[in-house]
Amino acid sequence: MEKSIEDIWKEGFLKGDALVAPKVNNLYNQKSIHIIDKFKRMFKINLIAIVAFSFAFLIVSFIVGIPITGIIFFVTLSVLVIINKKLLNGLDKIDKGASSYQYLKSFNEWIQKQVTINKKISRFLYPIIFISMVLGFWFKDAEGMPLGERLVNEILIGFPDVYLVYGIPLIGIIIALFIVVILAYFGGRIYKWDLNLVYGRVFKKLKELMTDIESLRS
Amino acid sequence: MSSDFYKTSILPFAGIIIKLCRAYTNSQEDFEDYYQEVCLQIWRSKDNFREESQWSTWVYRISLNVCLTLLKKNKKTVQHFVSDSITVEETEDNYAFSDESLNLLYDAIRKLSEIDRAVIMLYLEEKSQKEIAEIIGTNPNNIGVRVKRIKIRLKKILDGKIN
């Protein structure tokens, strides 16, 4: 070898083609597709997990003697999964060939729609879950008698003056109704909290990417 | 990233970024990915620049960090920290400079460990030992010895290949 590496370096880069910068254009496309694919994967896994859980809970509910809870749980969660599966199908319709900004915007619109629908569902979902638990335990067999009836009998021994409506203490109905109202009121917020817990990082990345692209467009 | 920022703060240093990214990639596709990621990271980190060093040093540091990070992520690229154990993936035919000697030099550089690659490139870019140490985050006293060792190694690889 006769040339020094310093000379090779200097002479090599004197030629015009050595330092041609590539265009900065494709990175956002790749990143947006990656983020959305990740979200879709997580969303699908989440739906599968709900189905698996509702099946497992249905079986367990029969074993522990609260089948009413299990059946209501199963039906409610099945409806939830069907609705979200339909929403997910809508996500597949988003055109991957669109520009990154358009793609992310469409995805963001889909997310907003999905959140709005699920927030509405959550106002019913959490109260239904609570009611199913109450009913399940109320009708659970306790030595030949429903647990709820047994509980009322115990209460009547201690508090004989307690006011009953269709055999249920009024105070109990009021407390249950209060919990149902609270759950219905906070259902949307509970859903948002749950959503952020699972998808928070993906949403954060999506927001960052959209801010980047908006800045690039400005 | 605004096009103004790209034109004024990145493009003048594109040469530095290109040279570094070339040393850590084996294909045009990877090179373009690395280059774009470096540009994006420079733009994202611009608010952290405190003018304690030159902008070019800052660009070098970010470029190097991004290349090393991507290299670790990229399973296609074989990683080696130890100079003595060398396995490098074949470079694609269409990923070459028109200068054959430069291609051979780059091939030789790619056979070095990740850190040695950075050291020799900074040396070839005529950075001082202090600057090299500052960029890499090491002791300036060791840089001279390391450069000598790398040069001997490169000469050994290139021996007989370049006239």
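Tutor: Because the model is predicted, local features need pLDDT of at least 70 and side-chain atom pairs count only at pLDDT 80 or more, while totals for chains, interfaces and linings use all residues. Residues are numbered from 1 along each chain as its sequence is written, and chains are lettered from A and ligands numbered from 1 in the order in which they are written.

Student: What makes up the secondary structure of chain B?

Tutor: Chain B has 8 helices and 0 strands. Helices (H or I, at least four residues) and strands (E, at least two) are DSSP runs, numbered from the N terminus.

Student: Why are H1(A) and H5(B) called oblique?

Tutor: The axes of helix H1 (residues 5-12) of chain A and helix H5 (residues 100-110) of chain B come within 9 Å and cross at roughly 125°. Axes are lines fitted to C-alpha atoms, for helices over the stretch in contact, and angles run from 0 to 180 degrees between N-to-C directions. Under 35 degrees counts as roughly parallel, over 145 as roughly antiparallel, 65 to 115 as roughly perpendicular and the rest as oblique. H1(A) and H5(B) are therefore oblique to each other.

Student: Which residues make that contact?

Tutor: A:Ile5, A:Ile8, A:Trp9 and A:Gly12 of H1(A) meet B:Ser101, B:Leu102 and B:Leu105 of H5(B). Two residues are in contact if their C-beta atoms, placed from the backbone, lie within 7 Å. The residues of this contact divide into 5 nonpolar, 2 polar and no charged. Here Ala, Val, Leu, Ile, Met, Phe, Trp, Tyr, Cys and Pro count as nonpolar, Asp, Glu, Lys and Arg as charged, and the others, Gly among them, as polar.

Student: What makes H7(B) roughly perpendicular to H8(B)?

Tutor: Their axes come within 8 Å and cross at roughly 105°, with helix H7 covering residues 129-136 and helix H8 covering residues 140-158 of chain B. That angle makes H7(B) roughly perpendicular to H8(B). On the H7(B) side the contact is made by B:Gln129, B:Lys130, B:Ile132 and B:Ala133, and on the H8(B) side by B:Pro140, B:Ile143 and B:Gly144.

Student: How do you know that the length of H8(B) agrees with its number of residues?

Tutor: The expected span is 1.5 Å times one less than the number of residues. For the 19 residues of H8(B) that should be 27 Å, and the end C-alpha atoms are 27 Å apart, which agrees.

Student: Which residues of H8(B) are buried?

Tutor: They are B:Ile143, B:Arg146, B:Ile150 and B:Leu154. A residue is buried if 20 or more other C-beta atoms lie within 10 Å of its own, exposed if 12 or fewer, and partly exposed in between, with C-beta atoms placed from the backbone. The buried residues of H8(B) pack against H1 of chain A together with H5, helix H6 (114-124) and H7 of chain B.

Student: Why is A:Glu143 called exposed?

Tutor: A:Glu143 has 6 other C-beta atoms within 10 Å, so the residue counts as exposed. A:Glu143 sits in the loop between strand S1 (141-142) and strand S2 (145-146) of chain A.

Student: What is the phi of A:Glu143?

Tutor: Phi is near 55°, a positive value in a residue other than glycine. Most residues other than glycine have a negative phi.

Student: Where is A:Tyr166, and is A:Tyr166 buried or exposed?

Tutor: A:Tyr166 lies in the loop between strand S3 (164-165) and strand S4 (168-169) of chain A. With 5 other C-beta atoms within 10 Å, A:Tyr166 is exposed.
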